[in-house]
Amino acid sequence: MITAIIVLAIVAIAGYILVRSYPPLGGKASPSSRQRIDTSPQSKAGKFVNQIPTSMNMDFRGTVKVLVDMVRGNPQSRPQGSLETEKLSPERLRSDEGATVTWFGHSALLLRLDGKTIFLDPMLGRAPSPVPMIGGKRYSKRLPIEIDQLPSIDAVIISHDHYDHLDYGTIRKLHGKVRRFIVPLGVAAHLERWGVDASTITEHDWWNELEYEGLKLVCAPARHFSGRNVGNRNSTLWCSWVIAGKQAKVYFSGDSGYGPHFKEIGERFGPFDLTLMECGQYDLRWANIHMLPEETVQAHLDVRGQTMIPIHWGAFTLALHAWTDPVERAAKAAKERGASVATPRIGQVMRIGAKEFPAAVWWRPETV
């Protein structure tokens, strides 16, 4: 009995040390950041909340059913082989041919606007996990371009702190190339722990407007949640972003369930030349925090978007649907509602506002 107690105590102590000392799990907010969090209109009792009720709780039976479904898996949940990506050169990304966007898979996008280079949610790691050796692996064996070949980046913009959007390994390799990190409230603590100079980070609440290098940025609402460590759910804010320049106006949804915030954003800041809309990793059981593809199209229309790129798919399997379902369902819904959907390959540079945009069904090679 005493031996069992000692073993349990050792395991508990080791777990506590791991939680406190393992860098990928993130950092703890500084006193000044803590004050901004506590005084935020989005914060209640030290935790952030959504604009409307957003339950993520399932009963015991529902939880067991999800676990069983996850273990069983879906044979179509990822490509049969490695997914090929377009190969990028540093010169191609520095091109000043106008406003462009390059999708790196999932929600990572490199935006060129008014001569500035902006990286959105640059998760370039092999797995969305605090331990990269475990967890669902990226579909492609290589990135369109390696991190050390990337040009200088004027700003990295983060939507929230989940592992599939904010990656420890990526930030460690990338931060020396980045002039500014622009993040929602509370997220600075993670970056600072990972070696990013605090003077290069700015934190923002919903509806905060700022100007950076001539671009107008707005931290806008989303309907989601946050947290990357034990017991810290909703301790940091989640958001979407308005990015407006002279060449184009772009909306980046981050992760979000469908809600009235899309229409409000459209009324206040639309129309948008391009929307980058979450479309993937959904399920009816957690539709409050991840839109179904048909809702993605409606959200695009709500914000008054001209052309939409479906994102949050094409890199990892985090749900039970077939890996091609998101883009195919979104394209079908868009056609029915008269919306324009662009489907660039991973690594393909797309010109924003061009009369023609990528529309190939590249994920089904037999149709290309």
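## A buried tryptophan

Trp-363 is buried, at 9% relative accessibility. Buried stands for under 20% relative accessible area, exposed for over 50%, and partly exposed for what lies in between (1.4 Å probe, protein chains only). Trp-362 is also buried, with a relative accessible area of 7%.

## Basis of the model

This is a predicted model, in which local features need pLDDT of at least 70 and side-chain atom pairs pLDDT 80 or more, while totals for chains, interfaces and linings use all residues. Residues are numbered from 1 along each chain as its sequence is written, and side-chain values use heavy atoms, leaving out hydrogens and water.

## Aromatic pairs

The structure holds 15 aromatic pairs. Rings of Phe, Tyr and Trp (its six-membered ring) pair if their centres lie within 6.5 Å; planes under 30 degrees apart are stacked, over 60 edge-to-face, and the rest tilted.

Tyr-251 and Phe-262 have ring centres 6.5 Å apart and planes at 85 degrees, so they pair edge-to-face. Tyr-251 belongs to strand 12 (residues 249-252) and Phe-262 to helix 7 (residues 261-269), so this pair ties together parts 11 residues apart in sequence. Helices (H or I, at least four residues) and strands (E, at least two) are DSSP runs, numbered from the N terminus. Tyr-251 and Phe-262 are both buried.

Trp-362 and Trp-363 also pair edge-to-face, at 5.6 Å centre to centre and 80 degrees between the planes.

## Charges over rings

The charged end of Arg-268 sits over the Trp-207 ring, 3.9 Å from its centre. Lys-249 places its charged end over the ring of Phe-272, 5.9 Å from the centre. The term requires NZ of Lys or CZ of Arg within 6 Å of the ring centre and within 35 degrees of the ring normal.
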